[in-house]
Every structure is written in structure tokens, then in C-alpha cells.
Amino acid sequence: MPAQVFDKVEVRLNAGLAGVLTTVDLNYAQRVLMAPKVVSADVTACATQTATLQVANPQAGITYKWYDGTGAYLTGKDGTSFVTPALTANTKYYVAASNASGCLSYKTLINVSVTPVPAVPELQSPTVNTCVGSDVILRVKNPVAGITYQWFDSSNNYLTGKDGT
């Protein structure tokens, strides 16, 4: 199977057995669409979150069709990108290219790995008393290496630049 797009076939007859042939018949040739290339064939998502899968360098006039891990076509999900439902386990998706004639390419596999959601952090001191205008230091009890903790105020606004333990 060709790895690149082609528009002709060349047959050369050299010495040996092929040299005694007077004609060569090509009984069947089919132009197959190239399987689409994807931005990433291995995608990671957090548990209970979605993942966005994307075709790299989409071509005009081509429809990109998405399939689940069993190979079932996902009706209504055609496009250059696909947002998965909320994920709870590792899974696979496929994408194929289709032209106006309905010819379908081979499918490109995308593996989606799901990482568990970190446990809800516990503060060293869940209640802190302070005076108005005074600074307070909050710390996570038993911080986990490799986890970045984000801090939010009482209105659930992210405190930029305050990430840490």
C-alpha cells in the first residue's frame, strides 16, 4: 500500500521472464484517500473531563468522520475536531477522511489515556483566626509530589501566582 498520494502507475518490463511479455493488463486500480494525520495520536485527559481530538492540516473538500473505539461511526460528529464525552477510562477513537464521492480513507487511531483526578486536598489548619489586614499562610496537609495546588478566594476566583502547597 502506498504511503504517499500518487496519481500514476508505472510498469517497467526488464529482461528475464517479464521480457517475454508483450502486454501487461492492469485489471484493477483504486485511488484511496490518505488516512488523515492527527495533531496527536496519544492524548491524555483527566478523569470526568473531555478531550479534544484534532485533524492536522485538514484539506478543503474533505469530510472528517469520527468513530468510537469499536469502530462505530459517530453520527453528527463530522468535522476537523471532535470533543469526547466526559471520560472515565482509557479509550480509543478513529478518524477517517471522506470525499464528495463518498470514498473513505483508512482510519487513523487516536489513543486517549485517562488520568485519575487528584484527591481533594486537606488544609493543615482548616480554621484560621486573624486580624483584619493581616496576612495568613495556608498550607496543604500531606502535599503530594507532582501535584500543583491552586488557591481560590471565598468567591471561587482563582488567585493568580499563588499556586503551591
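What percentage of the 165 residues in the protein chain do buried residues make up? They make up 17%. Buried means under 20% relative accessible area, exposed means over 50%, and partly exposed is in between, with a 1.4 Å probe and protein chains only.

This is a predicted model, in which local features need pLDDT of at least 70, side-chain atom pairs count only at pLDDT 80 or more, and totals for chains, interfaces and linings use all residues. Residues are numbered from 1 along each chain as its sequence is written, and side-chain values use heavy atoms, with hydrogens and water left out.

**Stop 1: the overall fold**

Switch to cartoon. The protein chain has eight strands and zero helices. From the N terminus the elements read β-β-β-β-β-β-β-β. Both element types are DSSP runs numbered from the N terminus: helices are H or I with at least four residues, strands are E with at least two. Consider contacts, meaning heavy atoms within 4.5 Å. Of those with a separation of 6 or more, 53% come from residues 24 or more positions apart.

**Stop 2: the nonpolar core**

Select Ala-51, Leu-53, Trp-66, Leu-87, Tyr-93, Ile-110 and Val-112. These have the most contacts inside the largest nonpolar core, which has 18 residues. Such a core is a set of buried Ala, Val, Leu, Ile, Met, Phe, Trp, Tyr and Cys residues joined through side-chain atoms within 4.5 Å. At least two core residues come from each of strand 1 (42-46), strand 3 (63-67), strand 5 (91-98) and strand 6 (108-115). In soluble globular proteins, nonpolar side chains tend to be buried together.

Now centre on Val-112. Not counting residues up to four places away in sequence, Val-112 touches Val-43, Ala-51, Leu-53, Leu-87, Asn-90, Thr-91 and Tyr-93.

**Stop 3: the ring cluster**

Show the side chains of Trp-66, Phe-82 and Tyr-93. Ring pairs link these three into a cluster. The structure holds four aromatic pairs. Rings of Phe, Tyr and Trp (its six-membered ring) pair if their centres lie within 6.5 Å; planes under 30 degrees apart count as stacked, over 60 as edge-to-face and the rest as tilted.

Trp-66 and Phe-82 are stacked, at 5.7 Å centre to centre and 25° between the planes. Trp-66 sits in strand 3 and Phe-82 in strand 4, 16 residues apart. Trp-66 is buried because its relative accessibility is 0%. Phe-82 is buried too, at 5%.

Phe-82 and Tyr-93 are tilted: 5.3 Å centre to centre, 55° between the planes. Phe-82 is in strand 4 and Tyr-93 in strand 5, so this pair ties together parts 11 residues apart in sequence. Tyr-93 has a relative accessible area of 8% and is therefore buried.

**Stop 4**

Pick Thr-84, in the loop between strand 4 (81-83) and strand 5. Its relative accessibility is 2%, so Thr-84 counts as buried. Where does its side chain reach at 2.9 Å? It reaches the backbone nitrogen of Ala-51. Leaving aside neighbours within four places in sequence, Thr-84 contacts Thr-50, Ala-51, Leu-53 and Tyr-93.

Next, pick Ser-105, in the loop between strand 5 and strand 6. Ser-105 is buried, with a relative accessible area of 6%. A polar atom of the Ser-105 side chain lies 2.8 Å from the backbone nitrogen of Ala-97. With neighbours within four places in sequence left aside, the contacts of Ser-105 are Leu-33, Met-34, Ala-35, Pro-36, Ala-96 and Ala-97.

**Stop 5: charges**

Select Lys-141 and Glu-122. They form a salt bridge, with the closest N and O atoms 3.4 Å apart. Lys-141 is in strand 8 (residues 140-141) and Glu-122 in strand 7 (residues 122-123), 19 residues apart. The structure holds one salt bridge, defined as a side-chain nitrogen of Lys or Arg within 4 Å of a carboxyl oxygen of Asp or Glu. Lys-141 is partly exposed at 37% relative accessibility. Glu-122 is partly exposed at 47%.

Then move to Lys-107, which lies over the face of Tyr-67 at 4.1 Å from the ring centre. The criterion is NZ of Lys or CZ of Arg within 6 Å of the ring centre and within 35 degrees of the ring normal.

**Stop 6: positive phi**

Most residues other than glycine have a negative phi. Select Asn-57, whose phi is positive, about 50°. Asn-57 lies in the loop between strand 2 (52-54) and strand 3, and is exposed at 64% relative accessibility.

Finish at Asn-142, in the segment after strand 8. Its phi is near 55°, a positive value. Asn-142 counts as exposed, at 62% relative accessibility.

Key:
A polar contact is a pair of N or O atoms within 3.5 Å; within protein, one must be able to donate a hydrogen and the other to accept it, and residues adjacent in sequence count only if both atoms are side-chain atoms.
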